[in-house]
Structure formats: C-alpha cells, structure tokens
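Visitor: I would like a quick tour of this model. Please give the cut-offs as we go.

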Amino acid sequence: MSNQVPNHARVIPLRPSAQRPGTARPADRPPTPREPLWRDLVGDVLRRERQAQERTLKDVADTARISMPYLSEVERGRKEASSEVLAAAARALGLSLGDLLARAQGELIRLTSRTSHTSHTSRTATTSSHNGLCLAA
C-alpha cells in the first residue's frame, strides 16, 4: 500500500468565472468601462503629433536618439517609456515633456468624462488648482 497523494494540480482562476471570456455577464450589471492606460494616452499623443508634422517614425527616432522599433512600441502603448525617453521623443517633435504630459492629461479627462459626468466634474475641480497638470504615482 502506498500513502502517496496523486499528483494533481490545483487551478486557481485569475478572475471570477462570470467574468471569463466567453461567459455571459449577468444581465443586471452593465459592463464597466476600462480606464485608459497612461502609456496608451502618451503614445497616442506622440503618434498624432508626429503624423501632424508629416514625419516618419525613423526621422523622429533618429532625432530623439532612440531606436525606431522602441519608439513604435511606445506609440502603440506597448512599452512604458521612461521620462528620459518621453522627453527625448517630445523634444524631437518640438514639444517639452510638460507639453506632452499636459496633452495626455487632456486626453485622459476627455475620455473619462464620456463615461461619467460626475467624475469629470470632480476631476476638473481637482486639477484646476494645479494649472492643468497633476501627476500621481
């Protein structure tokens, strides 16, 4: 007779079963909107500014002295770039780091005000005392 326990793995789901892809959401709960990620907002601002200036990814990357594939990843929100990289990319586009972050903040406010008018009101009151730029870690 053996006292060994069978070798079975215990699976612990990362999210409740009602929220797994392919399962139905309860009818009484509307889907919660996803908060935009900062890296997506900053990347969108960089890409829009580069395209508005009709510049190529290679041109901006060379001017900023960062690799073209990395700048592409930053623009697509795939990489969380350091402040040095963001400052270099912004300078290459004729912006300051403050300009870049203020534009990203404006996008954040615009996008989140769509989902909740009350959250926009409280956000506006909070950020206005900081001249439109307030970052928290």
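Guide: Start with a definition: contact means heavy atoms within 4.5 Å. This is a predicted model, where local features need pLDDT of at least 70, side-chain atom pairs count only at pLDDT 80 or more, and totals for chains, interfaces and linings use all residues. Residues are numbered from 1 along each chain as its sequence is written, and side-chain values use heavy atoms, with hydrogens and water left out.

Visitor: Leaving aside neighbours within four places in sequence, which residues is V42 in contact with?
Guide: V42 is among the residues with the most contacts inside the largest nonpolar core. Set aside its neighbours within four places in sequence, and its contacts are L86, L100, L101 and A104.

Visitor: How many residues does the largest nonpolar core have?
Guide: A nonpolar core is a set of buried Ala, Val, Leu, Ile, Met, Phe, Trp, Tyr and Cys residues joined through side-chain atoms within 4.5 Å. Buried means under 20% relative accessible area, exposed over 50%, and partly exposed in between (1.4 Å probe, protein chains only). V42, L46, I66, L71, L86 and L100 have the most contacts inside the largest core, and its residue count is 23.

Visitor: Which element gives the largest share of this core?
Guide: Elements are DSSP runs numbered from the N terminus: helices are H or I with at least four residues, strands E with at least two. Those giving two or more residues to the core are α1 (38-52), α2, α3 (68-75), α4 and α5 (97-115). The largest share is six residues, and it comes from α4.

Visitor: At what angle do α2 and α4 pack?
Guide: Axes are lines fitted to C-alpha atoms, for helices over the stretch in contact, and angles run from 0 to 180 degrees between N-to-C directions. V60, T63 and A64 in α2 meet A88, A89 and A92 in α4. The axes of α2 (residues 57-64) and α4 (residues 83-92) are 8 Å apart, and the angle is about 120 degrees.

Visitor: How many residues apart in sequence are R39 and E80?
Guide: A salt bridge is a side-chain nitrogen of Lys or Arg within 4 Å of a carboxyl oxygen of Asp or Glu. R39 and E80 form one, at 3.6 Å, N to O. R39 sits in helix α1 and E80 in the loop between α3 and α4, so the pair ties together parts whose separation is 41 residues.

Visitor: Is E49 buried or exposed?
Guide: The side chains of E49 and R103 meet in a salt bridge of 2.7 Å, N to O. That pair joins helix α1 to helix α5, 54 residues apart. R103 is partly exposed at 40% relative accessibility. E49 has a relative accessible area of 18%, so it counts as buried.

Visitor: Where is R65 found?
Guide: Most residues other than glycine have a negative phi. R65 is not a glycine, yet its phi is positive, about 60 degrees. R65 is exposed, with a relative accessible area of 77%. Its place is the loop between α2 and α3.

Visitor: What is the phi of E54?
Guide: E54 lies in the loop between α1 and α2. E54 is exposed, at 73% relative accessible area. E54 is not a glycine, but its phi is positive, at about 55 degrees.
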